[in-house]
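The sequence and structure are shown first.

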Amino acid sequence: MKNKILYILLSVVLLAAWQYFGSTSQTVRLLLSSPSLVTDYFGQNHTALLQATQTTLIEAVAGLLIATVFSFGVMILCFYFPKLMDFVLPIMITSQVIPLIVLAPFFIILLGIGLGSKIAMAALMCFFPIFVNFAQGYKAISQNIHELMHIYNADTWTRIKQVYFPLAMPSIMAGLKISATLAVIGAIVAEFNGAEIGLGKNLFLAAKRLEPDLMMSSLLLSTLLGVVFFGTIYFIEKKIINWQ
Amino acid sequence: MFINIQNLNFAFNKQKPVLNDITISLAKGKTLAIVGASGCGKSTLLRILSGILPNAEGNSLQGDISIYGLTTEQYRQTGKLAFMFQEATLMPHSTVKQNIELPLKIKGNANEQKTNNLIKAVGLEEYSNYLPKQLSGGMKTRVALARSFSTNPELLLLDEPFSALDIAWKSKLYVELEKLREETNTTVIVVTHDVQEALLLADHVIVMNSFGGIETRKEIKSNYSIMQRVNNISGYMNSVYESYMLPIQDAIMNGQNRKNEKQDTIHIA
């Protein structure tokens, strides 16, 4: 409770300072605009801004869903063919040596300027944390539980359903929380490189044209998207993992 | 004989032998207790019987083991085997009821009536919808015990299942175990380092030495029922002290001391 009051106070102080310096200093106004100017800008351009937000949201959600389904699929394959894990994991780790952001132009060339390239980028950014956390959650399952399943003759699907998924769920959710913010970053970074619409495109144009109102409103909407994403996963986690 | 083990030798990854020339025969419906100092291979023997261990690559297993004329792996696949670990090993996301019916669900014949009967047998009716995190250590052990009996096992292997409990809880669970065992005519092998527990539960006791061999074996002859044994622990222990408890304790000490003798010899050499 005490912390919450402090956070609210801090936010009020920052907003007040931003408003004060944005109103009194030309430099600050050019770089950061001010809360009142951003609010005015949003009021005048809310349709375009919300459309851009919606597009980025669709890209991020689709990317996160594809990455989740794909990483679950690979893990399920690894459960059926355990030696596959020894093969897949080094590839996963090696793939992380590549700074994934540099692949954004490649996806634009490959999939075009539309949603596909952004979804691919978001999915690529999300896949690794979900997969690795799932693998870690699986490896943390007690040996006794594996042996118990062996003694009871549980088939692989039963083990996946009754043991692997439920017990690895806390780790899976940790991976999903990391990926939730990465999905938004992935979509925005892909939009920087070329997009018809989206918050990333807005941010890119705002920097080029020196439009602080557009930049700050897009930045705040991007932050809001990240918070909503993270909050949704956090809410789901609290709902489904009540046994810890 | 229900279980026949002849000249069993076992080593992990072809290293130092863990089990050394073990020969055991056990009739159906009997309880065998295996006692010995820590690290003597008691749990390894149990895990071999359960069909878990030979699976690992590089392990060396020699000798013959048959359970009801089948190999351990064949017997495991019949589904007539249950195992209870030192830790309760419950599914943390499942309730008491779900944990107990898990083996039945795996077999595809979940039976609510049977699950409820087992919950009642271990006195957890009020807790059937509780999660493991809401239970005490003793309650968790009772859930694990009920789960072990859910499939009507012919053979129940217990790996120091009550070691974390106090004597009051142990006594209750000995009676519950014996009641369930009598109802189902289950053959039980219990690994323990508690001689008193072995004498309370078993028809036969085997003492293992530090080389993974059998130091001595005793057939326990007593007219006391489990209830009488548990309700009159000190009286029962006094009655079996000289004939069983003392020789078993000596055998454990001798088996352990041999390890020290050998270590000394190696050190001097």
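## Interface between chains A and B

Across the interface of chain A and chain B, the rule finds 8 residue pairs in polar contact, both residues being at pLDDT 80 or more; a polar contact is a pair of N or O atoms within 3.5 Å, where within protein one must be able to donate a hydrogen and the other to accept it, and residues adjacent in sequence count only if both atoms are side-chain atoms. On the chain A side, α7 (143–151) and α8 (156–192) each supply at least two residues that touch chain B. The largest share of that side, 7 residues, comes from α7(A). Helices are DSSP runs of H or I with at least four residues, strands are runs of E with at least two, and both are numbered from the N terminus. By class, the side of chain A that touches chain B has 10 nonpolar, 7 polar and 1 charged residues; Ala, Val, Leu, Ile, Met, Phe, Trp, Tyr, Cys and Pro count as nonpolar, Asp, Glu, Lys and Arg as charged, and the others, Gly among them, as polar.

The count between the two chains is 1 salt bridge, defined as a side-chain nitrogen of Lys or Arg within 4 Å of a carboxyl oxygen of Asp or Glu. The side chains of Arg47(B) and Glu147(A) meet in a salt bridge, at 2.7 Å from N to O.

## Basis of the model

This is a predicted model, in which local features need pLDDT of at least 70 and side-chain atom pairs count only at pLDDT 80 or more, while totals for chains, interfaces and linings use all residues. Residues are numbered from 1 along each chain as its sequence is written, chains are lettered from A and ligands numbered from 1 in the order in which they are written, and side-chain values use heavy atoms, with hydrogens and water left out.

## Buried area

Chain A and chain B bury about 2100 Å² between them, 63% of it on carbon and sulfur atoms; buried area is the accessible area (1.4 Å probe) that two parts lose on being put together, summed over both. In chain A, Ile151(A), Tyr152(A) and Trp243(A) lose the most area to chain B, together 33% of what that side buries.

## Overall fold of chain A

The secondary structure of chain A comes to 10 helices and 0 strands. Its C-alpha trace spans about 75 × 50 × 30 Å along the principal axes.
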